Amino acid sequence: DSIVDNQTGLLVKPGDVNELKLAMVNLYSNKDYRIKMGLLAQKRANLNFTDKKINQLLVEDYISKVKSL
């Protein structure tokens, strides 16, 4: 998954407007938390979502699908 809840982002239940509002207010009112979460998200993205890794996953998925034909 691309987001680790409460570490690299906040996950809310789909359609839960109140939960989304609370998450947004929490981020807006807590600058240090926002900055920490942003830095952790950037670090995670740089480590786990490089072009090389994404391309490797795509090739593996493609090969898996071809083999299942």
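The side chains of Asp 61 and Lys 65 form a salt bridge, with N and O 3.1 Å apart. This is a predicted model. By the rule used here, the count comes to two salt bridges.

**Salt bridges**

- Side chains of opposite charge can pair when their charged atoms come close.
- Asp 61 and Lys 65 both sit in helix H3, which spans residues 51–67. They are four residues apart there, so about one helical turn separates them.
- Asp 61 has a relative accessible area of 39%, so Asp 61 is partly exposed.
- Glu 19 pairs with Lys 13 in a salt bridge. Their closest N and O atoms are 3.9 Å apart. That distance counts because the cut-off is within 4 Å.
- Glu 19 is partly exposed, at 24% relative accessibility. Lys 13 is exposed, at 55%.

- Val 59, Tyr 62, Ile 63, Val 66 and Leu 69 make a nonpolar surface patch. The patch covers about 560 Å².
- Val 59, one of the patch residues, belongs to helix H3.
- The relative accessibility of Val 59 is 47%, so Val 59 counts as partly exposed.

**How H1 and H2 pack**

- Two packed helices are described by the angle between their axes and the distance between the axes.
- Helix H1 covers residues 17–29, and helix H2 covers residues 31–48. They pack at an angle of about 100 degrees. Their axes are 5 Å apart.
- H1 and H2 are therefore roughly perpendicular to each other.
- Asn 30 lies in the loop between H1 and H2. With a relative accessible area of 31%, Asn 30 is partly exposed.
- Asn 30 and Leu 20 are 10 residues apart in sequence. Their C-alpha atoms are 16 Å apart in space.

- Met 37 is part of helix H2. Its relative accessible area is 6%, so Met 37 is buried. The cut-off for that label is under 20%.
- Leaving out residues up to four places away in sequence, Met 37 touches Asn 6, Gln 7, Thr 8, Gly 9, Leu 10 and Leu 27.
- Met 37 and Leu 58 are 21 residues apart in sequence. From C-alpha to C-alpha, they are 28 Å apart.

- Asn 6, one of the residues touched by Met 37, lies in the segment before H1.
- Most residues other than glycine have a negative phi. Asn 6 has a positive phi, near 65 degrees.
- Asn 6 is partly exposed, with a relative accessible area of 47%.

**Arg 44 and its contacts**

- Arg 44 is in helix H2. Its relative accessible area is 23%, so Arg 44 is partly exposed.
- Arg 44 touches Asp 1, Ser 2, Val 4, Thr 8 and Phe 49, again leaving out residues up to four places away in sequence. Thr 8 is also among the residues that Met 37 touches.
- Arg 44 and Lys 67 are 23 residues apart along the chain. Their C-alpha atoms are separated by 32 Å.

Note on methods:
Residues are numbered from 1 along each chain as its sequence is written. This is a predicted model: local features need pLDDT of at least 70, side-chain atom pairs count only at pLDDT 80 or more; totals for chains, interfaces and linings use all residues. Side-chain values use heavy atoms; hydrogens and water are left out. Buried means under 20% relative accessible area, exposed over 50%, partly exposed in between (1.4 Å probe, protein chains only). Helices (H or I, at least four residues) and strands (E, at least two) are DSSP runs, numbered from the N terminus. Patches are made of residues with over 30% relative accessible area and no salt bridge: like charges are joined within 9 Å, nonpolar side chains (Val, Leu, Ile, Met, Phe, Trp, Tyr) within 5 Å. Accessible areas come from the Shrake-Rupley method with a 1.4 Å probe; for residues, only the protein chains shown count as cover. Axes are lines fitted to C-alpha atoms, for helices over the stretch in contact, and angles run from 0 to 180 degrees between N-to-C directions. Angles under 35 degrees count as roughly parallel, over 145 as roughly antiparallel, 65 to 115 as roughly perpendicular and the rest as oblique. Contact means heavy atoms within 4.5 Å.
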